[in-house]
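Me: Could you take a close look at the fold of one chain and how it packs inside? I would like the cut-offs spelled out as you go.

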Number of protein chains: 2
Amino acid sequence: MEDINSLINEACDWVEERLENAFDEELKDDITVQACMYSLMAGGKRIRPLLCYLSSDMLGVSKDEVLPFAAALEMIHTYSLIHDDLPAMDNDDLRRGKPTCHKRFGEGIAVLAGDCLLNRAFETVTCEVARNPSYARAAKELASLSGINGMVGGQSIDLASENKSISIDRLYELQRKKTGALLKAAVMLPYYMFETRFSDELALELSEISNCLGLSFQIKDDILDLESDVKTLGKSTGKDERDHKSTFVTLLGIEGAREELKHNIELCYTHLDNIRDMGYDVSRFEPVIAFFAGRDH
Amino acid sequence: MEDINSLINEACDWVEERLENAFDEELKDDITVQACMYSLMAGGKRIRPLLCYLSSDMLGVSKDEVLPFAAALEMIHTYSLIHDDLPAMDNDDLRRGKPTCHKRFGEGIAVLAGDCLLNRAFETVTCEVARNPSYARAAKELASLSGINGMVGGQSIDLASENKSISIDRLYELQRKKTGALLKAAVMLPYYMFETRFSDELALELSEISNCLGLSFQIKDDILDLESDVKTLGKSTGKDERDHKSTFVTLLGIEGAREELKHNIELCYTHLDNIRDMGYDVSRFEPVIAFFAGRDH
């Protein structure tokens with residue numbers, strides 16, 4: 001099996017050259033563009049482009065064609081981080097060890113930088129659709145998964161549930177929208193772009209695998225929150241629990257959360273087997289499942 | 001000549017039914033959706049949908065088809081107002097006599113409501129493009145005019161020029177992007193949607209008329225700022241001048257600004273004549289030029 005780190009590096013190289021040129025040269029002096037680039041190139045792991053890259057490989061579609069959509073997806077993810085970090089939202093001063101966008105550029109520019117990246121993402125994909133109208137469905141699904149029925153909807157539930165405990169069903173909905181939607185977009189976009197080549201059965205398997213991956217991603221995140229505190233503070237209460245935040249760990253218990261993670265990872269492999277049985281080469285996608293199960297922070 | 005107020009009412013009726021149903025029924029309880037609807041239905045004059053409506057009439061294209069794009073345009077305009085009003089930007093407590101979105105719902109929800117409307121706008125247009133791929137160019141132009149090369153770019157210049165005086169050339173660029181871009185989108189979208197029916201010469205005339213209209217709109221706004229203060233405060237310094245803001249009035253003087261307005265309105269009529277000469281019925285578009293020249297606040 002291929003090493004996940006070399007796959008991550010490959011996908012990073014692929015998308016980062018495109019992201020570095022996200023804006024035209026003559027805009028480089030614009031303060032909002034500088035704020036966008038600061039956050040866009042702040043060293044994320046590029047999980048969403050990685051999924052897009054490996055999904056394209058698995059489906060055998062052109063990664064050159066998928067690249068603008070993968071870049072747009074990373075722009076959308078980055079805009080959401082910039083806005084989430086604002087004092088009125090999560091009020092974070094640091095992200096990946098660097099000052100957050102509003103700490104570095106001020107709140108006004110940070111709001112505008114987020115807007116700028118979201119607009120630029122849609123400019124990028126609509127430009128591709130104007131070039132090749134068969135990508136229209138992909139653009140539509142991306143807009144749906146990033147909006148109120150997807151990521152924004154999840155952020156809304158999150159803001160409305162602040163300092164409240166929520167039911168496990170509501171937590172599943174929150175996760176499915178807030179973090180799950182863009183991960184689903186990452187897996188599904190290569191399918192939507194070339195959907196006439198594929199069957200509805202394949203769409204279903206991809207959708208299921210992206211759901212299970214997204215859920216695994218979040219449960220693992222919640223477990224890591226607890227474990228990192230046990231390790232560094234020597235006590236078994238994580239930041240989430242102290243913040244009275246409902247997570248898979250606080251609602252299911254640590255053992256319950258580990259069970260749910262294990263169950264979802266097994267489901268990922270089941271759906272991957274189904275895709276293999278349809279004749280697709282899943283060998284490069286497989287390592288990402290183990291990565292999602294065991295990923296360090 | 002038709003009465004502008006009946007045209008405004010007609011265009012309002014046209015777009016507002018669509019805006020009232022901007023979100024699915026099952027989302028009506030979501031707090032972010034409520035904030036979106038609060039701002040979206042706050043009683044704007046719907047200038048951009050009006051231009052879209054009258055441009056469609058002039059070009060003889062289906063207003064039913066144009067409607068989703070006009071609604072998306074108004075969503076984009078509304079998101080920009082919500083974010084502009086935030087404390088980190090213009091810090092306005094009131095808009096059209098009502099508390100601004102963040103005053104009513106809090107800053108976090110207001111940031112998210114803006115994001116939600118922008119996403120929804122693109123979901124709306126990409127949905128239309130998926131239905132009819134010939135609208136791809138229109139979606140692309142809308143994204144371009146609302147982003148860093150359009151409205152967002154203008155907001156960026158505006159933020160970067162706070163408490164600074166800027167050159168008249170820079171002010172033209174700011175206006176062209178910040179307020180001009182969406183007004184241009186309003187006039188041009190019906191053209192782009194059905195561009196195969198039209199000539200490049202028509203595009204040029206429409207582009208020129210939208211530039212002149214946009215500039216007139218802003219100059220008139222700057223003149224009204226001064227005049228309203230002369231009227232209500234009895235002194236001839238407007239809010240803009242007291243804020244040390246560069247406007248067409250502060251940079252050209254009140255007489256220079258009136259001259260520039262008059263010149264641009266004359267240009268509007270010239271380009272409208274050119275469009276009439278191409279065989280289009282401009283009779284319903286004409287009143288909007290007089291409205292832009294004399295519009296009250």
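Reply: In chain A of this predicted model, 71% of the contacts with a separation of 6 or more join residues 24 or more positions apart, a contact meaning that two C-beta atoms, placed from the backbone, lie within 7 Å. Local features need pLDDT of at least 70, side-chain atom pairs count only at pLDDT 80 or more, and totals for chains, interfaces and linings use all residues. Residues are numbered from 1 along each chain as its sequence is written, with chains lettered from A in the order in which they are written.

Chain A has 14 helices and 2 strands (DSSP runs: H or I of at least four residues, E of at least two). Its radius of gyration is 19 Å, close to the 19 Å of the globule rule for 297 residues, so chain A is as compact as a globular protein of that length; the radius is taken over C-alpha atoms, and the rule is 2.2 Å times the number of residues to the power 0.38.

Now for the interior. Of the 297 residues in chain A, 53% are buried, that is, with 20 or more other C-beta atoms within 10 Å of their own. The largest nonpolar core holds 190 residues, and A:Phe69 is one of those with the most contacts inside it. Such a core is a set of buried Ala, Val, Leu, Ile, Met, Phe, Trp, Tyr and Cys residues joined through C-beta atoms within 7 Å. Beyond its neighbours within four places in sequence, A:Phe69 touches A:Cys52, A:Val125, A:Ala138, A:Leu142, A:Leu189 and A:Met193. A:Leu189 is also listed among the residues with the most contacts in that core.

Note on methods: A residue is buried if 20 or more other C-beta atoms lie within 10 Å of its own, exposed if 12 or fewer, and partly exposed in between; C-beta atoms are placed from the backbone.
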